[in-house]
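The following exercises are to be worked through with the sequence and the coordinates at hand. Each task is followed by a solution in steps.

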2 protein chains.
Amino acid sequence: MKKSNTYYITENDQPLDEYLSFGLSVDCIVFGYHKGEIRVLLVERDAAPFKGDWALIGDLVNPQSDLSDSANHVLERLTGLKDIFLEQFFTFGSIRRHPVGRVVTVGYYSLLKSKDYHPIASSWAKSTKWFSINELPELAFDHSEILKKGIETLKTKVRYHPVGFELLPSKFTLLELQDLYEALLGYTFDKPNFRKKILSMDLLIPLNEVQENVSHRPAKLFKFDEQRYTQLRKEGFSFEF
Amino acid sequence: MKKSNTYYITENDQPLDEYLSFGLSVDCIVFGYHKGEIRVLLVERDAAPFKGDWALIGDLVNPQSDLSDSANHVLERLTGLKDIFLEQFFTFGSIRRHPVGRVVTVGYYSLLKSKDYHPIASSWAKSTKWFSINELPELAFDHSEILKKGIETLKTKVRYHPVGFELLPSKFTLLELQDLYEALLGYTFDKPNFRKKILSMDLLIPLNEVQENVSHRPAKLFKFDEQRYTQLRKEGFSFEF
DNA sequence: ATCGATAGGTGCATTTTGAGCATAACTCAT
DNA sequence: ATGAGTTATGCTCAAAATGCACCTATCGAT
């Protein structure tokens, strides 16, 4: 990457290199839901600093990697979880938030059905564990603050954005979708009406596939119609629950 | 700031300093509203790169400054505007988004009544100008993309946060409010029903004042009840349009 | 005093939405 | 074939939002 010291530094006469001295990291909040409870996947640190403490799934970003790719790479490296949809929610940039230098961190979150995923600790992660968001330990760095902001964001955002769809497995049943929304919003829906409302939004593509290996009538599978959603948004449609 | 090379670099054996080589910048989108039109304040660059092009109000962050403070500093340095509330909305981190090196930028936006503020270009800004969001020039760097995302964010947010009131003068008529919402949301409302809905929210304080110097029946003036809004939010009220 | 223009408001018919309940259809295990 | 367990769908009734017609108020201009 070209570095030109002729670039206009506006505030004072410091050389450009003084300005290119930030560290960048990503921190992923992996939300899981299971039996009506929202949980968070944390990792136990096996390296200094904060060795032995619980932390979010995060690490420094390699200067050769795209920011948006890094979150997925870090998640896979530490837990083995692949192809998880991650959404950026906030960037934390206090001066002294990281002991090693000036490190700015970008927060991401994802949401998944925890029983379908089996994280395996690797790299500097000694172990992983799901914690109920009501019984959280003290976290390394400023991760408690980051997590708090992430939880807030998720709970407000879920009412107005179809995060629920985007974060489910690509093929899902309507009841799975309903369970997710009930877990997130904290109240239940009438099944026929939930179905009616969701389908009338015209955001789901019915697949010619059904559940397999279930000991009852298999449910039809659907997928989220991303294109249709962006289309409808342009026309002024607003998702609401 | 302490820099320790004993810090655990997880991916490979590169020294820590290789990871502390990012630049960080902020870019501010200043939205204004005037006569039924939503506008954005842009600055003309008087320095390389992109000299002569229009750009968002942004600059590199000094490694000794807090991220959240920097946005305000930059806004004041380039335009003279002080004490503007800025809200962070997204962080852009593509590898090649900045010609000078790996610079990650954090996007902020603010809302203000454009006729009440008088920006004055300084530092590397040659001039400032309000642009209608429907007639935007091509911008420097990836600022067009940033602005697009910011406009999207504003348009989404306006549905469930009373941000609109910040764009209006502190005393406004109901029709001015309606015009603003129509501009932001892109469709029209029925006048009687708009009034009914907004007044039933109980968020406006009617003033004992009316419009002046109009050649027709003067409209009553209202102001937004900030206290009442924070009160209602605590009770679980959610603003919706 | 009257008119044009725009603000402020009432009332009602119509449409849309949501809650609750009932029931049909389908699949597997026995 | 039957019944348990689910999925899938239909219906009613009430409440809320919408669309529209129409009436009145207050200003400046003539």
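**Exercise 1. The surface near DNA strand C**

Which element gives the most to the surface near DNA strand C, and with how many residues?

Solution. The model is a predicted one, in which local features need pLDDT of at least 70 and side-chain atom pairs count only at pLDDT 80 or more, whereas totals for chains, interfaces and linings use all residues. Residues are numbered from 1 along each chain as its sequence is written, chains are lettered from A and ligands numbered from 1 in the order in which they are written, and side-chain values use heavy atoms, with hydrogens and water left out.

Step 1. The element is α6(A), with four residues. Helices (H or I, at least four residues) and strands (E, at least two) are DSSP runs, numbered from the N terminus.

Step 2. Around DNA strand C there are 17 residues, of which A:Asn193, A:Arg217, B:Arg195, B:Ala219 and B:Lys220 come nearest. A residue is near a strand if one of its heavy atoms lies within 4 Å of it. Of the atoms of DNA strand C that come within 4 Å of the protein, 58% belong to sugar and phosphate.

Step 3. The side chain of B:Arg195 places an N or O atom 2.6 Å from a phosphate oxygen of DNA strand C.

Step 4. Divided by class, this surface near DNA strand C has six nonpolar, four polar and seven charged residues. Ala, Val, Leu, Ile, Met, Phe, Trp, Tyr, Cys and Pro count as nonpolar, Asp, Glu, Lys and Arg as charged, and the others, Gly among them, as polar.

**Exercise 2. The surface near DNA strand D**

Which residues are the closest to DNA strand D, and which polar contacts reach its bases or phosphate?

Solution. Step 1. DNA strand D is surrounded by 17 residues, and the closest are A:Pro192, A:Arg195, A:Arg217, B:Asn193 and B:Arg217.

Step 1. At the phosphate, an oxygen of DNA strand D is 3.3 Å from a polar side-chain atom of A:Lys191. At the bases, a polar side-chain atom of A:Arg217 lies 2.7 Å from an oxygen, and a backbone N or O atom of B:Ser215 lies 3.4 Å from a base oxygen.

Step 2. Sugar or phosphate supplies 60% of the atoms of DNA strand D within 4 Å of the protein, and bases supply the rest.

Step 3. Helix α6 of chain A and α6 of chain B each supply at least two residues of this surface; the largest share, four residues, comes from α6(A). The classes are six nonpolar, four polar and seven charged residues.

**Exercise 3. Packing of α5 on α6**

At what angle do α5 and α6 of chain A pack, and how far apart are their axes?

Solution. Step 1. Helix α5 (residues 174-185) and helix α6 (residues 191-200) of chain A pack at about 100°, with axes 11 Å apart. Axes are lines fitted to C-alpha atoms, for helices over the stretch in contact, and angles run from 0 to 180 degrees between N-to-C directions.

Step 1. The angle therefore makes α5(A) roughly perpendicular to α6(A), a term for angles of 65 to 115 degrees.

Step 2. In this contact (heavy atoms within 4.5 Å), α5(A) contributes A:Leu174, A:Leu175, A:Leu177, A:Gln178 and A:Tyr181, while α6(A) contributes A:Lys191, A:Phe194, A:Arg195, A:Ile198 and A:Leu199. Seven of these residues are nonpolar, one is polar and two are charged.

Step 3. In chain B, the axes of α5 (residues 174-185) and α6 come within 11 Å and cross at roughly 100°.

**Exercise 4. Relation of the two chains**

What rotation and shift superpose chain A on chain B?

Solution. Step 1. A rotation of 173° with a shift of 1.1 Å along its axis superposes chain A on chain B, with an RMSD of 2.7 Å. The superposition is by least squares on the C-alpha atoms of residues with pLDDT of at least 70 in both copies.

Step 1. Of the interface residues of chain A, 93% are also interface residues in chain B, so the copies meet through the same surface.

**Exercise 5. Backbone exceptions**

Where is the cis peptide bond of chain A, and which residue has a positive phi although it is not a glycine?

Solution. Step 1. Most residues other than glycine have a negative phi, and most peptide bonds are trans.

Step 1. The bond from A:Ala48 to A:Pro49 is cis, with omega near -10°, and A:Pro49 lies in the loop between β2 (37-45) and β3 (54-55) of chain A. In chain B, a cis peptide bond joins B:Ala48 and B:Pro49.

Step 2. A:Asp202 has a positive phi of about 65° and lies in the loop between α6 and β8 (204-210) of chain A.

How values were computed. Parallel < 35°, antiparallel > 145°, perpendicular 65-115°, else oblique. Polar contact = N/O pair within 3.5 Å; in protein donor to acceptor, adjacent residues only side chain to side chain.
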